[in-house]
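Here's a quick briefing to read with the model open beside you.

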Amino acid sequence: LNFGLKQAEHARKFHQSFPEYTKTPLVELNALAEKLKVNKIFVKDESYRFRLNAFKVLGGSYAIGRYIQETAELNEDQFNYETLTSPELKEKLGQMTFITATDGNHGRGVAWTANRLKQHSVVYMPKGSAQERLDNIKALGSDASITEFNYDDAVRLANKHANENGWIMVQDTAWEGYEKIPAWIMQGYTTMALEIVEDLGTIKPTHLFLQAGVGA
């Protein structure tokens, strides 16, 4: 898998093509740095990302974009929001349905992207998921529901329905035989890394703390 500078630039260029794109701030926590007796602390504030309050949309959007690009055999110059929402492409591909299972933020990102690209989404949430998260996903036009299953079984259900209905599984966890789309999702997250590097300039951090969860 490629997670270098060229890949990050590719992902960021795609994200920049969306009208809603803005670089999220890298915030300097001076008071905390002083309290902990370190030189500087920076936090990447993803609460501004596409107005969704989460970074996860970077992965889901890039994966959906790459899937459409590959399916429609688009060249790199066509890998952008304008082309992916064009009437010509819609006529060529018809209505596509992207399905996922989620605890909230990934599913919302998939729903947001499908909505923006004029496609359809189905989102399954595990038992006990917050009603507010479900409502946020539904507000984006997704066929979303809270299942009676735990997370892993919700993923299995989504995959089963994807296979039965010809839908596209966009899951941020991988298993044998299902690796390309999860890889695209993780590559989509590199937009954050590129923004951070640019904002840091000549500053070279000594420690980097990353959130790591699910299969990514």
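A pocket here is an open set of grid points with protein on both sides within 12 Å along at least five of seven lines, and its volume is the space filled by probe spheres set on those points. Keep in mind that this is a predicted model. By that definition, the largest pocket comes out at about 1,600 Å³. There's also a nonpolar core of 50 residues, the largest one in the model.

**The largest pocket**

- The lining of the largest pocket runs to 45 residues, and I196, L208, F209, L210 and Q211 lie nearest its centre.
- Strand β2 (42–44) and helices α6 and α10 are the elements that each give two or more residues to this lining.
- Helix α10 supplies the largest share, with six residues.
- Sorted by class, the pocket lining has 24 nonpolar, 13 polar and eight charged residues.

**The cavity**

- How many cavities of 30 Å³ or more are there? The count is one.
- About 40 Å³ of space lies in this largest cavity.
- Its lining is made of I68, L84, T85, S86, L89, K90, L93, L117, K118 and Q119.
- Helix α5 (residues 87–93) gives three residues, the largest share of that lining.
- The cavity lining splits into five nonpolar, three polar and two charged residues.

**The nonpolar core**

- In soluble globular proteins, nonpolar side chains tend to be buried together.
- In the largest core of this model, the residues with the most contacts inside it are F50, I68, F98, V170 and I181.
- Helix α3 (residues 57–72) contributes seven residues, the largest share of this core.
- Setting aside neighbours within four places in sequence, F98 is in contact with I64, Y67, I68, V110, Q119, H120, S121, V122, I168 and V170.

- Helix α9 (residues 180–188) is mostly covered, with seven of its nine residues buried.
- Those buried residues are I181, P182, A183, W184, I185, Q187 and G188.
- The cover over them includes α1 (5–16), α3, α6 (105–116), β6 (168–169) and α10 (190–200).
- In α10, the buried residues are T190, T191, M192, L194, E195 and L200.
- Among the elements covering these α10 residues are α1, β1 (26–28), β2, α3 and α9.
- Just after α10, G201 takes a positive phi of about 65°.

**R49, a buried charged residue**

- Is R49 buried or exposed? It counts as buried because its relative accessible area is 1%, under the 20% cut-off.
- You'll find R49 in the loop between β2 and α3.
- The R49 side chain makes a polar contact of 2.8 Å with the side chain of E46.
- Another polar contact, also listed at 2.8 Å, links the R49 side chain to that of E195.
- Leaving out neighbours within four places in sequence, R49 is in contact with Y21, T22, T24, K44, A54, F55, V57, L58, T191, M192 and E195.

**T102, a buried loop residue**

- T102 sits in the loop between β3 (97–101) and α6.
- T102 counts as buried because its relative accessibility is 2%, again under 20%.
- Its side chain reaches the backbone nitrogen of G104 at 2.8 Å.
- Not counting residues up to four places away in sequence, T102 touches G107, V123, Y124, M125, P126, I137 and Y151.

- K160 lies in helix α8 (residues 151–165).
- At 44% relative accessibility, K160 is classed as partly exposed, because that class runs between 20% and 50%.
- A 2.7 Å polar contact joins the side chains of K160 and E164.
- In an α-helix there are 3.6 residues a turn, so residues three or four places apart point the same way.
- K37 has a positive phi of about 60° although it isn't a glycine.
- K37 lies in the loop between α2 (30–36) and β2, and it is exposed, with a relative accessible area of 75%.
- K118 is another residue other than glycine with a positive phi, near 65°.

Conventions. Residues numbered from 1 in each chain as written. Predicted model: local features only at pLDDT ≥ 70, side-chain atom pairs only at ≥ 80, totals over all residues. Heavy atoms only, no water. Core = buried A, V, L, I, M, F, W, Y, C linked by side-chain atoms within 4.5 Å. Buried < 20%, exposed > 50% of the residue type's maximum accessible area, 1.4 Å probe, protein only. Helix = DSSP H or I, 4+ residues; strand = E, 2+ residues; numbered from the N terminus. Contact = heavy atoms within 4.5 Å. 1 Å grid on protein atoms, 1.4 Å probe; cavity = no way out; pocket = protein on both sides within 12 Å on 5 of 7 lines; lining within 4 Å. Nonpolar A, V, L, I, M, F, W, Y, C, P; charged D, E, K, R; others polar. Polar contact = N/O pair within 3.5 Å; in protein donor to acceptor, adjacent residues only side chain to side chain.
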